[in-house]
Amino acid sequence: CNTEHADVLIEAVEESLTRTGKVTNPEELVVGVDLGTAYIVLVVLDRDRQPLATEMQFAQVLKDGLVVDYVGALHIVRKLKEKLEERLGVTLDKAAIAMPSNSDESSCKTHRYVVEGAGMEVVNMLDEPTAANRVLGIQNGAVVDIGGGTTGLSIFRDGEVIYTADEATGGTHLSLVLAGNYKTSFEEAEEFKKNPANHRDVVTIVRPVIEKMGSIVRDHIQGYDVEDIYLVGGTTCLPDFEAVVEKQTGVRTHKPKNPFLVTPLGIAISA
Ligand code: ATP
């Protein structure tokens with residue numbers, strides 16, 4: 001098992017963050033909308049499912065996967081959509097969305113209303129681990145998604161999700177630890193954490209929290225025959241994350257090139 005195929009797709013999304021140029025064939029464009037606890041990300045794909053443009057914004061309009069600031073979420077999705085339309089010279093009207101596993105009907109509806117309110121028809125809605133696996137393409141193993149607010153875990157057998165769990169530990173906790181350590185604001189700690197130049201210092205300070213995340217994963221996979229773990233979600237961008245999880249769990253752990261972009265891309269592919 002490796003993540004080479006995923007890496008190629010993700011590289012194309014990375015390029016689409018800054019690519020300029022209008023679209024000559026505006027037909028059949030689709031958008032993946034990832035509403036996260038820390039980031040809202042929109043990825044546009046062309047009819048061949050190639051990434052054309054990506055926009056994102058830090059936003060705290062969701063908590064535990066649920067929209068807590070409907071108007072705020074709506075404004076951000078609308079603004080990101082307009083930026084993409086401006087960049088590409090097109091109108092975007094079709095989107096896919098994804099929900100954390102086990103979301104209830106009313107949260108699914110709220111997600112849908114946010115995207116519809118921003119002017120897009122929701123053509124598909126799926127769960128986040130399944131979206132991530134559209135990129136990873138694994139048959140057996142665990143996908144561990146560590147975002148802003150949560151550590152999510154899904155075990156796949158023969159390509160189907162057979163177990164899911166969510167725990168309230170994520171990148172926000174790492175930023176809070178850093179803010180305490182450096183006596184700075186949360187916002188400054190968040191920026192410091194994401195800067196690759198600081199990653200070695202960051203990992204030294206937050207290693208105990210990463211170990212805790214690894215132990216959460218270990219506890220959940222006990223009793224399941226998991227031979228490979230795949231990391232996704234922005235928090236796992238930190239260097240050595242895979243080594244810490246592998247040590248805590250004793251299970252071979254893989255990390256794709258830019259784990260932050262896996263789920264947003266998978267949502268777009270599903271549209
Ligand atoms: P959740 O999955 O909990 O709903 P989310 O979808 O917003 O949240 P992601 O977008 O996957 O989560 O990841 C956001 C988190 O990843 C934030 O805590 C952010 O600080 C962190 N993050 C993003 N990029 C990096 C980076 N390069 N280095 C370290 N941390 C990063």
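## Terms and model

Helices, which are H or I runs of at least four residues, and strands, which are E runs of at least two, are taken from DSSP and numbered from the N terminus. The model described here is predicted.

## The ligand and its surroundings

The shell around the ligand holds 21 residues, and the closest of them are G36, T37, G147, G171 and G234. Two helices, α5 (171-182) and α6 (186-194), each supply at least two residues of this shell, and the largest share, three residues, comes from α6.

By residue type, the shell around the ligand divides into 13 polar, five nonpolar and three charged residues. Because domain 1 (4-132 + 261-269) and domain 2 (137-257) both give residues to this shell, the ligand lies between the two domains.

In soluble globular proteins, nonpolar side chains tend to be buried together. In this model the largest nonpolar core has 75 residues, and V31 and V44 are the residues with the most contacts inside it. This core draws at least three residues from domain 1 (4-132 + 261-269) and at least three from domain 2 (137-257).

Around V44, leaving aside residues up to four places away in sequence, the contacts are with L29, V31, L52, A53, L84, L88 and L92.

## Two residues with positive phi

Most residues other than glycine have a negative phi. Against that background, R49, which is not a glycine, has a positive phi of about 65 degrees, and R49 is found in the loop between β2 (39-45) and β3 (51-58). R49 counts as partly exposed because 15 other C-beta atoms lie within 10 Å, a number between the limits of 12 or fewer for exposed and 20 or more for buried.

D64, likewise a residue other than glycine, has a positive phi near 50 degrees, and its place is the loop between β4 (62-63) and β5 (66-67). Is D64 buried or exposed? D64 is exposed, because it has 12 other C-beta atoms within 10 Å, and a residue with 12 or fewer is counted as exposed.

E4 belongs to helix α1, which covers residues 4-16, and E4 is exposed, with 8 other C-beta atoms within 10 Å. How far apart in space are E4 and K257, which are 253 residues apart in sequence? From C-alpha to C-alpha, E4 and K257 are 8.6 Å apart.

How values were computed: Residues are numbered from 1 along each chain as its sequence is written. This is a predicted model: local features need pLDDT of at least 70, side-chain atom pairs count only at pLDDT 80 or more; totals for chains, interfaces and linings use all residues. A nonpolar core is a set of buried Ala, Val, Leu, Ile, Met, Phe, Trp, Tyr and Cys residues joined through C-beta atoms within 7 Å. Domain bounds come from an automatic or database domain assignment. Two residues are in contact if their C-beta atoms, placed from the backbone, lie within 7 Å. A residue is near a molecule or strand if its C-beta atom, placed from the backbone, lies within 6 Å of it. Ala, Val, Leu, Ile, Met, Phe, Trp, Tyr, Cys and Pro count as nonpolar, Asp, Glu, Lys and Arg as charged, and the others, Gly among them, as polar.
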